[in-house]
Amino acid sequence: SNNNNSNEQASGEATRSSTPESGVVSLDDELSPQQQQQATRKKQKHGGEQRVRRTGVEAAAVVAGWFSDVVFWYSVPGSSLEQLQAVVGPHSNRFGRRCTLKSMTSRAGAGDVVAGSLLELQAAVVASAQVLPVLLPSLRQIADELRRPCVLHVSTAAVEHGTLVIQPNLSGVLAVRNTVPVILAAYTAQECHDTAVAAHLVSLRIRQPVLHVFDGTSLGNVTAPLVPSPLTTAAAAA
């Protein structure tokens, strides 16, 4: 009887561990069986845990590219569109297609293209916090009318007028804090990658824009080794 009770308890624990909690998004839900196999083979081929060197901006952009059809790039001090194209362009996104990176200008109405693209595509933004006030009308439209998932990966690096020195500046983030329901922050390159994944999963679940903020002055130019999530490992294997 003790053995039967033990077996029933073990069976119950196994069942509970394999059943996801209600409302929790699993990374495995985003991977097809084929992509899971590709990620496993790539990991085994290289002897376990994979590490690649990325800046914080690159780490966020790779994740944005995996989740999106198009990524809109608004000038970020310390990085360039070509730099992001080099790390995002060669890989397929989660739809099995190549993600398109588009360079945008920081002017009035600059966010209209983002809002319009969300009607048919999955889109993300990589931008400096200085651009956020310009994007504010479009963010309101996305949040209140369209109710579509969209993640903005935002570097707080800003060029100070007069000195032309790149300094962290949160004024743009503060300007949109009442419009974007979720704001996540990262402080290392690894956190930029992991938090970017979390931001996209949250945005998909709540169908609202999510802000992913990081310090571009310290993470924009310096590369650091990081471990990709199973999502982007699968993308690199594709």
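In this predicted model, a search of the whole structure turns up one aromatic pair. The partners are Trp-66 and Phe-67, whose ring centres lie 5.3 Å apart with planes at 80°, so the pair is edge-to-face. Both residues are buried: Trp-66 as well as Phe-67.

Turning to the sheet, six strands form an open arrangement in the order β3-β2-β4-β5-β9-β8, with parallel pairing. At the edges are β3 (100-104) and β8 (182-186), each of which pairs on one side only. From one strand to the next, the twist averages 20°.

Six of its six residues are buried, so β9 is largely enclosed by the rest of the structure. In a regular strand, side chains alternate between the two faces of the sheet. In β9, Pro-209, Leu-211 and Val-213 point one way, while Val-210, His-212 and Phe-214 point the other way.

Helix α8 (residues 189-206) lies across β4, β5, β8 and β9, and runs at about 170° to β9.

Helix α6 (residues 132-146) brings a feature of its own, a kink of about 40° centred on Ser-138. Ser-138 is buried, as are Leu-132, Leu-135, Leu-136, Leu-139, Ile-142 and Ala-143 of this helix. An α-helix has 3.6 residues a turn, so residues three or four places apart point the same way. The buried residues of α6 pack against several elements, including β2 (70-74), α5 (112-117), β4 (123-128) and β5 (150-155). Just after the helix, Arg-147 adopts a positive phi of about 50°.

How buried is Leu-135, a residue of α6? Its relative accessible area is 3%, and it counts as buried because this lies under the 20% cut-off. Leaving aside neighbours within four places in sequence, Leu-135 is in contact with Tyr-74, Ala-110, Gly-111 and Leu-152. Leu-135 also lies 8.0 Å from Ala-108, C-alpha to C-alpha, although the two are 27 residues apart in sequence.

These elements come together in the largest nonpolar core, which has 26 residues. Those with the most contacts inside this core are Phe-72, Tyr-74, Leu-132, Leu-135, Leu-152 and Leu-211. Two or more residues each are given to the core by β2, α5, β4, α6, β5 and β9, and the largest share, five residues, comes from α6. Apart from this core lies another, of 23 residues, among them Val-57, Leu-84, Val-87 and Leu-219. Returning to Phe-72, its contacts beyond four places in sequence include Lys-102, Met-104, Val-113, Val-114 and Ser-117. Phe-72 also touches Ala-123, Ala-124, Val-125 and Val-126.

Methods: Residues are numbered from 1 along each chain as its sequence is written. This is a predicted model: local features need pLDDT of at least 70, side-chain atom pairs count only at pLDDT 80 or more; totals for chains, interfaces and linings use all residues. Side-chain values use heavy atoms; hydrogens and water are left out. Rings of Phe, Tyr and Trp (its six-membered ring) pair if their centres lie within 6.5 Å; planes under 30 degrees apart count as stacked, over 60 as edge-to-face and the rest as tilted. Buried means under 20% relative accessible area, exposed over 50%, partly exposed in between (1.4 Å probe, protein chains only). The bend at a residue is the angle between axes fitted to the seven residues ending there and the seven starting there. Helices (H or I, at least four residues) and strands (E, at least two) are DSSP runs, numbered from the N terminus. Contact means heavy atoms within 4.5 Å. A nonpolar core is a set of buried Ala, Val, Leu, Ile, Met, Phe, Trp, Tyr and Cys residues joined through side-chain atoms within 4.5 Å. Two strands pair if DSSP finds at least two bridges between them. Axes are lines fitted to C-alpha atoms, for helices over the stretch in contact, and angles run from 0 to 180 degrees between N-to-C directions.
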